[in-house]
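Here are a few exercises to work through with the model open in your viewer. Try each one before you read its solution.

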Amino acid sequence: MIMSWIMCCIFFTTFNSLQIHQRLHTGEKAYHCLQCGKSFSRSGTLSRHQQTHTGEKPYHCLQCGKSFSRSSLLSEHQRIHTGEKPYHCTQCGKSFTRLKDFREHQRIHTGEKPYHCLQCGKSFSRSKDFRMHQRIHTGEKPYHCSQCGKSFSCLTNLSVHQLIHTGEKPHHCSQCGKSFSRSSLLSEHQRIHTEVKPYHCVPCGKGFTRFGNLKRHQRKHTEVSL
């Protein structure tokens, strides 16, 4: 017998399927995690959630050996090896391997920023950027340099810092060939060739290519006034 749920007119072949669906409308979450107290409307969702506590990852990638707690995560991961990008943006044509990344990308076009910081009110389109921002308020620095012990709030800053230890300078000036460890240092250097001087001294109007040079210059005015 086919049954339907009157609120949305979706049809179900079993009573059990109907009951599970009805919880979307009632908000009922009958399955509870004994570890953290979080509740779920379906037993399958609870089972997947519990793997976050047990650390169980039964799905393995045959290409690289990486393991995952859910088969859907393994399927997404395998696209890294196959190069498959099934999610396409009709606005700009960019493609993505993961649905989550595709949805976050679309917010660039819609302007939607669903992640709001309760501390300062700033909003973000990506959960990753939101979590990183929150570390400004919490002071959390989870990424540590194994060489010197210095800590950073984001992985990118740690990667840039580690270039100090390795001596690597991946950013090259096309004008003179000089190399730099950070893109910001390359940008500063290139002003020598373009003669752009974005930093100006208010008392005398003199311009500088680097902020550090402006600060040193301003000390001369301070010394004169003393």
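**Exercise 1: the largest pocket**

The largest pocket has a volume of about 220 Å³, a volume being the space filled by probe spheres set on grid points joined across faces, edges and corners. A pocket here is an open set of points on a 1 Å grid over the protein atoms alone, where a 1.4 Å probe fits, with protein on both sides within 12 Å along at least five of seven lines; lining residues have an atom within 4 Å of a point.

This is a predicted model: local features need pLDDT of at least 70 and side-chain atom pairs count only at pLDDT 80 or more, while totals for chains, interfaces and linings use all residues. Residues are numbered from 1 along each chain as its sequence is written, and side-chain values use heavy atoms, leaving out hydrogens and water.

Task: find which element gives the most to the lining of the largest pocket.

Solution:
- Start with the 14 lining residues; Arg 48, Thr 52, Ser 69, Arg 70 and Leu 73 lie nearest the centre.
- Helix H2 (43–54) and strand E6 (67–68) each give two or more residues.
- H2 gives the most, with 5 residues.

**Exercise 2: helix H6**

Task: check the span of helix H6 (residues 155–166), then list its buried residues.

Solution:
- The expected span is 1.5 Å times one less than the number of residues.
- For the 12 residues of H6 that should be 16 Å, and the end C-alpha atoms are 17 Å apart, so the two agree.
- Leu 158, His 161 and Leu 163 are buried (under 20% relative accessible area, 1.4 Å probe, protein chains only).
- Next comes Gly 167, with a positive phi near 80°.

Methods. Helix = DSSP H or I, 4+ residues; strand = E, 2+ residues; numbered from the N terminus. Buried < 20%, exposed > 50% of the residue type's maximum accessible area, 1.4 Å probe, protein only.
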